[in-house]
Amino acid sequence: MRGLPFDYATRNLGRSPGRLAGALVGSTLVTLLVIASASFIRGMGASLDPPAGNSNVIFLGAGSEESVERSEIRMQAADVVGTISGLRTRLGQPFISPEVHIGLAVRTDPAVPEGRLTPLRGVRPSAFLVHSEVQITEGRAPVAGANELLVGGLVSGQLGVPDARLGLGEVLHIDGREWRIVGRMRAPRTVIDAEIWIPLTDLQVIAQRDNLSCVIATLVPGEADITDAEILAAQRLDLELAVMTESEYYATLSRFYAPVRAMVLATALLVALGGILGGLNTMVAAFASRVREVGTLQVIGYPRRAIILSFLQESWIISSCGALVAGALGWAVLDGVAVRFSMGAFGLIVDAPVLAIGVGAGLGLGLLGALPPTIHCLRLPVGQALKS
Amino acid sequence: MRHPRFVIPLLLLTLIGCAVEESPVQTAAPDLPPSLFLTSPPANARSVAEVKESAALGDEVVIAGQLVGNRQIFVEGAATFILGDHSIEACHPEEGCDTPWDACCTPITERRALSATIQVVGEDGKPLRTSLKGRGALSELKQVVVVGKVSQRSEGVFVVDASGIFVAGGDS
């Protein structure tokens, strides 16, 4: 087959700068929209997944298995959980974290009448053993009785303030009192990243409760398992405990949020579809105006397949450039951006699979944008094409 | 381009090879004592409420009740179950309850006060690592009589190590 030289496709790009710019911007925007949609879905999904390799079990109040915020168990439960043999320990300290989870209005400005509902977690220092994914990136852990807070990386997005507003020494207003930020933490791709941690007793005072939401314990694989925890829960009927692995808990949570995720997915697909149709329109318009050129190439003797291939090359060069620009933009601008939702916030994730989806969509746009108008041009009789 | 004839069968074999999963390592469940399930009801059985009120730690007891009072009656993977007093009323399926044995219409504090934990222990004193569900016709809402010894007894905690279980209507 006599083919058109690759130069023909590349030189054609510069023939009409306006058309090139339009197609380039179109493909960049489409890819960016697809990346944004995919990163949203991936970010939300990842925030509901438990950390990998986790051997934590959660003791909740019986009947509150679907929501740790609704759960209430006695303080005594933490000591009882400590009787399980096979708990992980470090320097004699068992990996047991009694916690209170509650959503409270947090204000950055005392003059603002209403704060933003933010997930707060009351913890003891042992929480850092159980939640090994948490890293204090600045400052230190808060001390009980001193009105101190440890703030997650996505809380600024949750509160709608710049990240600098939550620096060390800054003050937040909770329950009519001032609380000083003494530490910043990160726990990427978990719900913890959108939380504020506060000493357990301090949160119990704020919430006026003397019980816990849950007790989280880490088991040593091979020495203890979920059955040991279930036996304890069955033996201690007085504590009214339900127990599940952290993976099960997050799976339950994920099922609970499945309709929300489906809605988000549908919205993201519609947005991406809108973008693709818009981009397609630009590409089709750019190629459909080249009927005479297609006719001329046929007269010179180039077969139809060679013309299609050359136009596809041209289209793919544009869409590849657009996809690369969009990928770089998406990675630089969107990755880690906090998005608020009912149970806190999650960060958009722009990683390899998301970039692959975006680039794939961009290349698909290149194919769909060039192929139909080229075929349409080729269907016209050569004489008619030359006159058009 | 023609592909050698062996390419497609090779690809198919590769796919089949990928699809075959290794079966998980099965650890043998420990056997229950052969005399555990009784063929006739033991004499002098008392209700869960009566036994909980009067029995002391280490006492031999004969306790009659129903497998009711908790959403999860059996512990999966351990010879442990919850025994409720006859006075705990199970919900009715026609009330829209899928798990009538959880007796969700009865307050949880009342259910807990009228429930006991029954377990079959091994030589180490720990529950055997095998579920009792379906063994000796044991299932939710069954009426049973348990013979055993009180092994844990404190405020709100009542655990009986069973040596014999009679299941009413069961084929032991």
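**Where the chains meet**

The contact between the two chains takes 10 residues from chain A and 17 residues from chain B, two residues being in contact if their C-beta atoms, placed from the backbone, lie within 7 Å. On the side of chain A that touches chain B there are four nonpolar, two polar and four charged residues; in this scheme Ala, Val, Leu, Ile, Met, Phe, Trp, Tyr, Cys and Pro count as nonpolar, Asp, Glu, Lys and Arg as charged, and the others, Gly among them, as polar.

This is a predicted model, in which local features need pLDDT of at least 70 and side-chain atom pairs count only at pLDDT 80 or more, while totals for chains, interfaces and linings use all residues. Residues are numbered from 1 along each chain as its sequence is written, and chains are lettered from A and ligands numbered from 1 in the order in which they are written. The model scores ipTM 0.78 and pTM 0.75.

Confidence can be followed through pLDDT, the predictor's confidence in each residue, from 0 to 100. Chain A averages a pLDDT of 88, with 97% of its residues scoring at least 70, and chain B averages 83, with 81% of its residues at 70 or above. In chain B, pLDDT stays under 50 over residues 12-27, and for this stretch the model has zero contacts beyond four places in sequence. Within chain A, confidence is lowest in β13(A), at a mean of 72, and highest in strand β10 (residues 196-199), at 97; helices (H or I, at least four residues) and strands (E, at least two) are DSSP runs, numbered from the N terminus.

**The two domains of chain A**

Chain A is divided into domain 1 (6-48 + 258-387) and domain 2 (56-255), with bounds that come from an automatic or database domain assignment. The centres of these two domains of chain A, taken over C-alpha atoms, are separated by 44 Å. Where they touch, 13 residues of domain 1 of chain A are in contact with 15 residues of domain 2 of chain A. On the domain 1 side, the elements that give two or more residues are α2 (17-47), β13 (338-341) and β14 (344-347) of chain A, and β14(A) gives the most, with four residues. The residues on that side divide into nine nonpolar, three polar and one charged.

**How the helices pack**

Helix α11 (residues 304-334) of chain A packs with helix α12 (residues 352-379) of chain A, their axes coming within 8 Å and crossing at roughly 150 degrees. Axes here are lines fitted to C-alpha atoms, for helices over the stretch in contact, and angles run from 0 to 180 degrees between N-to-C directions. α11(A) and α12(A) are therefore roughly antiparallel to each other, since angles under 35 degrees count as roughly parallel, over 145 as roughly antiparallel, 65 to 115 as roughly perpendicular and the rest as oblique. By class, their contact has 17 nonpolar, 11 polar and one charged residues.

α12(A) also packs with α2(A), at an angle of about 145 degrees and with the axes 8 Å apart. Among the residues that make this contact are A:V30, A:V34 and A:A38 of α2(A) and A:G358, A:A361 and A:L365 of α12(A). The residues of the contact divide into 10 nonpolar, six polar and one charged.

Finally, helix α1 (residues 6-13) of chain A meets α11(A), with axes that come within 9 Å and cross at roughly 50 degrees, which makes α1(A) oblique to α11(A). The contact includes A:F6, A:Y8 and A:L13 of α1(A), together with A:Q313, A:I317 and A:I318 of α11(A). By class, the residues of this contact are six nonpolar, four polar and one charged.
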